[in-house]
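Colleague: I have a new model open and would like to learn how to read its features one at a time. Could you walk me through it, starting with a helix?

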Amino acid sequence: MATVEYDQSIFGIRDVLQMIDQVGFVASVKRDEFTNSAQTSELKGYLKDTVYAGMFALPTFIIGMVFMWLDNPINMLLDVAKGLPLKDVIMFVLATPVQFWLGKRFYIGGWKAVYYLRTANVIEVEQ
């Protein structure tokens with residue numbers, strides 16, 4: 001979210017919104033009656049994404065940390081291919097949705113920042 005100040009004697013709010021849209025971002029006028037419901041739905045979406053990420057991250061953490069200490073012959077037999085343990089395949093399958101599905105907004109924001117603004121920093125990527 002960004003705040004824009006402008007001189008109303010030079011151009012109006014519609015001109016500002018049009019310029020921001022031309023750069024590739026979505027802009028709207030902040031209104032108090034809509035802000036609370038919009039922020040609430042956005043926060044609910046973030047909470048849902050965090051819960052989904054946790055559902056994938058917890059098993060990945062357990063497999064990566066606990067199986068590392070279980071150095072028994074059964075772990076040696078659970079190879080998908082030579083040098084590719086089953087636990088690594090499972091962790092890859094669990095980490096992929098978090099990276100690409102839940103992290104999609106960060107990739108889109110970063111691409112917009114680099115493509116349209118020719119810069120990349122945390123503020124643009126956060127969008």
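Modeller: Gladly. Helix H4 covers residues 86-102, which is 17 residues, and spans 24 Å from first to last C-alpha, close to the 24 Å expected at 1.5 Å a residue. The expected span is 1.5 Å times one less than the number of residues. Helices (H or I, at least four residues) and strands (E, at least two) are DSSP runs, numbered from the N terminus. Keep in mind that this is a predicted model, where local features need pLDDT of at least 70, side-chain atom pairs count only at pLDDT 80 or more, and totals for chains, interfaces and linings use all residues. Residues are numbered from 1 along each chain as its sequence is written, and side-chain values use heavy atoms, with hydrogens and water left out.

Colleague: Where does H4 kink?

Modeller: A bend at a residue is the angle between axes fitted to the seven residues ending there and the seven starting there. In H4 there is a kink of about 30 degrees at Ala95, shortly before the proline Pro97.

Colleague: How is confidence read, and which element has the highest mean pLDDT?

Modeller: pLDDT is the predictor's confidence in each residue, from 0 to 100. Among the elements of the chain, H4 has the highest mean, 89, while helix H6 (residues 122-126) has the lowest, 51. The chain average is 78, and 80% of the residues score at least 70.

Colleague: Which residues of H4 are buried?

Modeller: Buried means under 20% relative accessible area, exposed over 50%, and partly exposed in between (1.4 Å probe, protein chains only). In H4 the buried residues are Met91, Leu94 and Leu102. Across the chain, 13% of the 127 residues are buried.

Colleague: Why does Leu102 count as buried?

Modeller: Leu102 counts as buried because its relative accessible area is 10%.

Colleague: What does Leu102 touch, beyond residues up to four places away in sequence?

Modeller: A contact means heavy atoms within 4.5 Å. With those sequence neighbours not counted, Leu102 touches Asp49, Tyr52, Ala53 and Pro97. Tyr52 is 50 residues from Leu102 along the chain, yet their C-alpha atoms are separated by 8.2 Å.

Colleague: And where does Asp49 lie?

Modeller: Asp49 lies in helix H2, residues 32-69. Asp49 counts as buried because its relative accessibility is 17%. Leaving aside neighbours within four places, Asp49 is in contact with Leu102 and Arg105.

Colleague: For contrast, is Arg14 buried or exposed?

Modeller: Arg14, in helix H1 (residues 13-23), is exposed, with a relative accessible area of 72%.

Colleague: Which residues does UniProt list as "transmembrane region"?

Modeller: The unreviewed UniProt entry lists residues 51-70 and 90-108. Such positions are given in the numbering used here, feature names are shortened, and annotations may be inferred rather than shown by experiment. In the model, residues 51-70 are 95% helix and 0% strand, with end C-alpha atoms 28 Å apart. Residues 90-108 are 95% helix and 0% strand, and their end C-alpha atoms lie 27 Å apart.

Colleague: What pattern does the chain follow along the sequence?

Modeller: The order is α-α-α-β-β-α-α-α, from six helices and two strands. Among contacts between residues at least 6 apart in sequence, 46% join residues at least 24 apart.
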